[in-house]
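Subject: Structure handover

Hello,

Here is the structure we talked about. Please load it before reading on; my notes follow.

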Amino acid sequence: MKINKNIIYIILSALAVILITLFIFYNSSKSHSDSINDSTFFSEIMTRTATDEKASSNNYDWLTFRKQAHIIEFAALGMAIVCLSYSLKKLKINLYGYGLFYALAIAVTDEYIQSFSDRSSSTQDIVLDFCGVMLGFLIMIAIILIIEFIKHFFKAPKLAKG
């Protein structure tokens with residue numbers, strides 16, 4: 001039994017979208033103190049890695065990391081959505097617009113989930129999340145275009161039978 005390679009791509013990219021969405025919801029369900037602890041811990045690691053010095057844990061460090069984390073996790077979601085949409089495009093199904101709507105709905109839901117904990121929800125975070133999605137979209141579309149260009153450019157010419 002031969003499995004279509006495109007079906008595998010669709011399943012893997014759909015799984016990536018689901019797992020990233022669950023990761024986002026998991027992070028938004030954390031309490032304020034747990035979220036700050038995670039942000040402080042990771043910002044110290046990032047600062048130490050970037051500067052090779054002991055990181056300070058002032059508000060600027062963890063707050064900056066929290067904003068970067070929003071962008072990174074939603075960029076990953078955007079990239080997974082593009083992969084899924086691109087795989088479905090081969091089946092003549094165009095879901096890029098629905099993918100953007102899905103990502104926006106996840107950003108709004110993420111902030112809504114935070115409102116149930118002792119954390120605040122923010123429209124600024126929704127905008128930041130959506131900017132991350134757009135960044136992920138642009139990066140993945142650029143990668144796809146480069147791959148398609150390379151495939152086309154290095155395609156072996158077909159020899160005429162005769």
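First, a definition: buried means under 20% relative accessible area, exposed means over 50%, and partly exposed is in between, with a 1.4 Å probe and protein chains only. By that scale Ile-139 counts as partly exposed, at 35% relative accessibility.

Now the ground rules. This is a predicted model, in which local features need pLDDT of at least 70, side-chain atom pairs count only at pLDDT 80 or more, and totals for chains, interfaces and linings use all residues. Residues are numbered from 1 along each chain as its sequence is written, and side-chain values use heavy atoms, with hydrogens and water left out.

Overall fold

The chain has five helices and zero strands. Helices (H or I, at least four residues) and strands (E, at least two) are DSSP runs, numbered from the N terminus. The order from the N terminus is α-α-α-α-α. Of the 162 residues in the chain, 32% are buried. Contact means heavy atoms within 4.5 Å. Among contacts with a separation of 6 or more, 74% join residues 24 or more positions apart.

Helices α4 and α5

α4 covers residues 96-114, and it packs against α5 at an angle of about 145°. Their axes are 9 Å apart. Axes here are lines fitted to C-alpha atoms, for helices over the stretch in contact, and angles run from 0 to 180 degrees between N-to-C directions. The crossing of α4 past α5 is right-handed. A crossing is right-handed if the near helix is turned clockwise from the far one by less than a right angle, and left-handed if anticlockwise.

Which residues meet? The α4 side includes Tyr-96, Gly-99, Leu-100 and Ala-103. The α5 side includes Ile-126, Phe-130, Val-133 and Phe-137. By class, the residues of this contact are 11 nonpolar, one polar and four charged. Nonpolar covers Ala, Val, Leu, Ile, Met, Phe, Trp, Tyr, Cys and Pro; charged covers Asp, Glu, Lys and Arg; the others, Gly among them, are polar.

Gly-99 sits in α4. Is Gly-99 buried or exposed? It counts as buried, at 8% relative accessibility. Not counting residues up to four places away in sequence, Gly-99 touches Ile-81 and Phe-137. Gly-99 and Gly-78 are 21 residues apart in sequence, with their C-alpha atoms 8.0 Å apart.

Ile-139 belongs to α5. Met-79 is 60 residues away from Ile-139 in sequence and 7.3 Å away in space, C-alpha to C-alpha.

Between these two helices lies a loop, and Arg-119 is in it. Arg-119 is buried, with a relative accessible area of 9%. Its C-alpha is separated by 8.6 Å from that of Lys-30, 89 residues apart along the chain.

The second largest pocket

Its volume is about 310 Å³. On a 1 Å grid over the protein atoms alone, a pocket is an open set of points where a 1.4 Å probe fits, with protein on both sides within 12 Å along at least five of seven lines; lining residues have an atom within 4 Å of a point. Grid points are joined across faces, edges and corners, and a volume is the space filled by probe spheres set on the points.

The lining has 15 residues, and Tyr-9, Tyr-86, Ser-87, Lys-90 and Ile-144 lie nearest the centre. α1 (5-28), α3 (59-89) and α5 (123-153) each give two or more residues to the lining. The largest share, six residues, comes from α5. The lining has eight nonpolar, three polar and four charged residues.

Asn-6 lies in α1. Asn-6 is buried, at 10% relative accessible area. Leaving aside neighbours within four places in sequence, Asn-6 is in contact with Ser-87, Lys-90 and Leu-91.

Best regards
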